[in-house]
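I opened this notebook to keep track of what I looked up, contact by contact and sheet by sheet. The entries follow the order in which I went through the model.

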Amino acid sequence: MSPKMPRLEKPRPTEELTTTSSTPATSAAESAEKPPQKSVELPKALTVKQLSDLLEISPVDIIKQLMRNGVMASINQIIDFDTAAVVAADLGFEAKELPKGKTEAITSISGKRVGFAEDIDSLKPRPPVVTILGHVDHGKTTLLDAIRESNVIATEAGGITQHIGAYQVEVHSQKITFLDTPGHEAFTAMRARGAQATDIAVLVVAADDGVMPQTVEAIDHAKAAGVPIIVAINKIDKPGANPDRIKQQLSDHSLLAEDWGGNTITVPVSAKKREGISDLLESILLVAEMAELKANPNRPATGVILEAKLDTTKGPLATVLVQSGTLEVGDCVVVGETWGKLKAMFNDKGKRIKKAEPSTPVEILGLNNVPQAGDTFVAVFNERTAKEQAQERQGARERAASQPLKPRTMEQVLAQIRAGEIKELNVILKTDVQGSVEPIQNSLERLEAEKAKVKIIHTGSGSVSESDVLLAVASKAMIIGFNTHPEPGAVRLAEAEGVSIRLHSIIYELVEDVNKALAGLLEPTFREVIEGHAEVRAVFQVKKTRVAGVFVTDGKITRDASARVLRGGKAVYASTVTSLKHFKEDVKELSSGFEGGIGIEGFGDIQVGDIIEAYRKERVG
Ligand code: GDP
């Protein structure tokens, strides 16, 4: 049941197309007639994810474009050059085929290394990699256990599964790999780090409880990733179980069950009673077959770290998922900023193995340091290359860290909108109450800007969570909060990743804000970070200005910091610290517990008892 890829028309003739990315800016009217074309080199075969990375366009948009051309494909599916070229042309790129035999790294339109060109003839089917998603307590862990156990009998005696973060089962001599960290947070965290490990998502919905907030989140996260969803309607052994009610609820979230005329496979199961498990596994194989998952086993391995830890006796241990190629004991691998020569490998049954093919999870021993989950790895030819590449990555990270700010996700998005490279602004909308979601969503989706329109990828009520921020990173989205606030962890993550969280309490302003974003004109917002306070204990006249003799009570005061003068708890003046002295000496900063002198720009009325509050403005969006 392997659908043949329909043949598509070749891209339009090239004389119309410009071949460089440095197309001069054209007026909007001109560019509407003749969209600027960028040239991109594509290999003979590549996955949807790779095409998305190469064109720097979201996988969902690529999938949609494929659908418009009559090709149903999922994120990890391989498509051929002709198909990719048509889609690329639709999206404004002129595709050229990579020269034959060129198998080295392929790079995206902005020069990022994306992966390796694969020879289409060497691709072999590989097992699907499955993640279990769903609301808390709906039975994800129990289902993972049930699936694992369903297979123990089939494996050799004593085949007790180790906990290594993933395991494989065999059905009709076909393998399926399950990632053992259920939940959409882990799933999206991995995507936010640039790794796409999952091919199929199994969404667990408890039949007695129904679709709950995290079920909706999971659906949105899987959809944003372009991963096909199979629904396991769990707990059907319970008296209150009502699978039809679940199907009804799912249809409200655009998952229409097959037996209701849609194309979402739903499987009734009882994880606890171990019922329906083989039906679920069969369904996974069916969806996997449709997705035509393939990889080339005959090349140096690449893959992703699922888990890593430091073992006191064995040293750094990592569970990795091989995604392409074959990983072998003795291979040198570069992972994140570390590397190592593989001393030993163990499969999910704890058995020592020498080789691991695509989609196999293995525990590896021999890394010099503990990598992070979500880091990708590549096997290289020798230790020297491994060491060099690891150092190079470290250098790149240090250089990035010494930059004042990481490239802002939102800035990149706005720049892309301005350049006409993306036509949709992904938005995550969080509101105080569920009732406000719909009117705001409607107003936003009605906005029509010249260059782009809004695509709401997730809505929900409650505070802005870390998982929302991860989804925003992975999907290059902005987060809009209406009468709500972000959780502290979400703020930290958003700052580190450059995700924009815009908070509003007036719908009109919210809509106006998004309208600006659509025009690529959004101004950043700032928040204040208080650096310290100083108490004024004396006032001196130095030439024409009055200088405050202070004692720093907390934090620090730095020269050029923003400062306000508080009197009786109220700000009476706001300006900057222009001079800072410790005794007679000019200093850059004065820390808590020190005395010194402070001059405030333009303020002549400083008084004993005033408090000087120094603060810094930080960008938040
Ligand atoms: P998770 O939070 O989604 O991982 O949910 P768990 O797997 O921890 O399950 C939550 C609770 O539901 C546990 O008490 C399980 O025993 C129970 N449970 C899970 N599956 C079933 C089922 O099929 N039937 C019944 N009756 N209970 C189940």
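Entry 1: A backbone N or O atom of H138 lies 3.4 Å from an oxygen atom of the ligand, and a polar backbone atom of A271 is 2.9 Å from an oxygen atom of the ligand. Taken alone the ligand exposes 580 Å², of which the protein buries 76%; these accessible areas come from the Shrake-Rupley method with a 1.4 Å probe, and for residues only the protein chains shown count as cover.

I noted the conventions here: residues are numbered from 1 along each chain as its sequence is written, and side-chain values use heavy atoms, with hydrogens and water left out. As the model is predicted, local features need pLDDT of at least 70 and side-chain atom pairs count only at pLDDT 80 or more, whereas totals for chains, interfaces and linings use all residues.

**Entry 2: the shell.** Which residues are the closest to the ligand? Of the 15 residues that surround the ligand, the closest are D137, K140, T141, T142 and D237, a residue being near if one of its heavy atoms lies within 4 Å. By class I recorded two nonpolar, seven polar and six charged residues in this shell, with Ala, Val, Leu, Ile, Met, Phe, Trp, Tyr, Cys and Pro taken as nonpolar, Asp, Glu, Lys and Arg as charged, and the others, Gly among them, as polar. Helix α5 (residues 140-150) gives the most to the shell, with three residues; helices (H or I, at least four residues) and strands (E, at least two) are DSSP runs, numbered from the N terminus.

**Entry 3: the six-stranded sheet.** I traced an open sheet of six strands in the order β9-β10-β8-β11-β12-β13, with mixed pairing, two strands being paired if DSSP finds at least two bridges between them. Because β9 (166-171) and β13 (266-268) stand at the edges with a single partner strand each, one side of each is left without a neighbour in the sheet. The twist averages 30° from one strand to the next, with axes fitted as lines to C-alpha atoms, for helices over the stretch in contact, and angles running from 0 to 180 degrees between N-to-C directions.

Six bridges join β9 to the antiparallel strand β10 (residues 174-179), and E170 has K175 in β10 as its bridge partner. Helix α7 (residues 213-225) packs on the sheet, touching β8 (129-134), β11 (200-206) and β12 (229-234), and its direction makes about 170° with that of β11; contact means heavy atoms within 4.5 Å.

**Entry 4: the four-stranded sheet.** I then followed an open sheet of four strands, ordered β25-β24-β26-β27, with parallel pairing. Here β25 (453-461) and β27 (501-504) are the edge strands, each with a single partner strand, so one side of each has no neighbour in the sheet. Eight bridges join strand β24 (residues 424-431) to β25 in parallel, and V427 has I456 in β25 as its bridge partner. Helix α12 (residues 437-446) packs on this sheet and touches β24, β25 and β26 (477-482), its direction making about 170° with that of β25.

Definitions and conventions. A polar contact is a pair of N or O atoms within 3.5 Å; within protein, one must be able to donate a hydrogen and the other to accept it, and residues adjacent in sequence count only if both atoms are side-chain atoms.
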